[in-house]
Amino acid sequence: MPIALDEIDRRILRVLQSDGRITVVDLAERIGLSPTPCKRRVQRLEETGLISGYVAKIDRKASGFGVTAFVSVELERSDAADVERFQKAAAGIEEVVTGMLMTGSQDFLLEVLVRDLEEYEQVLQYKLMKIPGVRNVRTQFALRKFVERARIP
């Protein structure tokens, strides 16, 4: 169940989504609150799970991962055990950075990061296609990213 947020909480979240390394003192100043209540609010947002963590954003190309593939996977059967088995196996593939259970004709959509097409071929043949119950795999390659938001609206 979503927690109730007031305008101060929303301001805190907007600032933290753009700068997760900001100090409590600077955050408090930016939102117009003193540091102690600001810190308590941030802690409450963390404790309720609304703030689920802080990470460093790594540039994919600069780190050598120049190819992003979106992989649609269809299973032979979509019963609970098969879905769970696939999810567990796909989550264990390091190159899979996002996995979503989907509606429609495809059961899963995976975002896969690799250095080049040869590496993708290895992931496809020796990892994805080896998962029991996979019926069909369709791949689309991203040409370029034109929008990416680390924040929620």
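R30 is exposed, at a relative accessible area of 53% (exposed means over 50% relative accessible area, buried under 20% and partly exposed in between, with a 1.4 Å probe and protein chains only). The structure is a predicted model, in which local features need pLDDT of at least 70 and side-chain atom pairs count only at pLDDT 80 or more, while totals for chains, interfaces and linings use all residues. Residues are numbered from 1 along each chain as its sequence is written, and side-chain values use heavy atoms, with hydrogens and water left out.

R30 is placed in helix α2; helices (H or I, at least four residues) and strands (E, at least two) are DSSP runs numbered from the N terminus. Apart from neighbours within four places in sequence, R30 is in contact with V15 and I22, where contact means heavy atoms within 4.5 Å. A separation of 8.8 Å is found between the C-alpha atoms of R30 and I12, which are 18 residues apart along the chain.

Two packed helices are described by the angle between their axes and the distance between the axes. Axes are lines fitted to C-alpha atoms, for helices over the stretch in contact, and angles run from 0 to 180 degrees between N-to-C directions. Helix α2 (residues 24–31) packs with helix α3 (residues 35–47) at an angle of about 100 degrees, and their axes are 9 Å apart. The two helices α2 and α3 are therefore roughly perpendicular to each other (65 to 115 degrees; angles under 35 count as roughly parallel, over 145 as roughly antiparallel and the rest as oblique). On the α2 side the contact is made by V24, V25, L27, A28 and I31, and on the α3 side by P35, C38, K39 and V42. Eight residues of the contact of α2 with α3 are nonpolar, none is polar and one is charged. In these classes, Ala, Val, Leu, Ile, Met, Phe, Trp, Tyr, Cys and Pro count as nonpolar, Asp, Glu, Lys and Arg as charged, and the others, Gly among them, as polar.

Helix α3 also packs with helix α1 (residues 7–18): the axes come within 11 Å and cross at roughly 80 degrees. This makes α1 roughly perpendicular to α3. The residues in this contact are I8, D9, I12, L13 and L16 of α1, together with C38, R41, V42, R44 and L45 of α3. The contact of α1 with α3 has seven nonpolar, no polar and three charged residues.

A pair of aromatic rings is described by the distance of the centres and the angle of the planes. Two aromatic pairs are found in a search of the whole structure; rings of Phe, Tyr and Trp (its six-membered ring) pair if their centres lie within 6.5 Å, and planes under 30 degrees apart count as stacked, over 60 as edge-to-face and the rest as tilted. The ring centres of Y120 and F141 are 5.3 Å apart and the planes are at 85 degrees, so the pair is edge-to-face. This pair links distant parts of the chain, with Y120 in helix α5 (residues 117–128) and F141 in strand β4 (residues 134–141), 21 residues apart. Y120 counts as buried, at 4% relative accessibility, whereas F141 counts as partly exposed, at 38%. Not counting residues up to four places away in sequence, Y120 touches A69, V71, V112, V114, T139 and F141. The C-alpha atoms of Y120 and E95, 25 residues apart along the chain, are separated by 8.9 Å.

E119 also lies in helix α5 and is buried, with a relative accessible area of 18%. A polar atom of the E119 side chain lies 2.7 Å from the backbone nitrogen of R115. With neighbours within four places in sequence left aside, E119 is in contact with E95 and V114.

In helix α4 (residues 80–91) is D82, which is buried at a relative accessible area of 12%. D82 touches L75 and R77, residues up to four places away in sequence not being counted.

L101, in strand β2 (residues 96–101), counts as exposed at 53% relative accessibility. Beyond residues up to four places away in sequence, L101 touches V83, Q87, D107 and F108. The C-alpha atoms of L101 and V73 are separated by 9.6 Å, at 28 residues apart along the chain.

P153 lies in the segment after β4 and is exposed, with a relative accessible area of 100%. The C-alpha atoms of P153 and E76 are separated by 37 Å, and the two residues are 77 residues apart along the chain.

Conventions. Polar contact = N/O pair within 3.5 Å; in protein donor to acceptor, adjacent residues only side chain to side chain.
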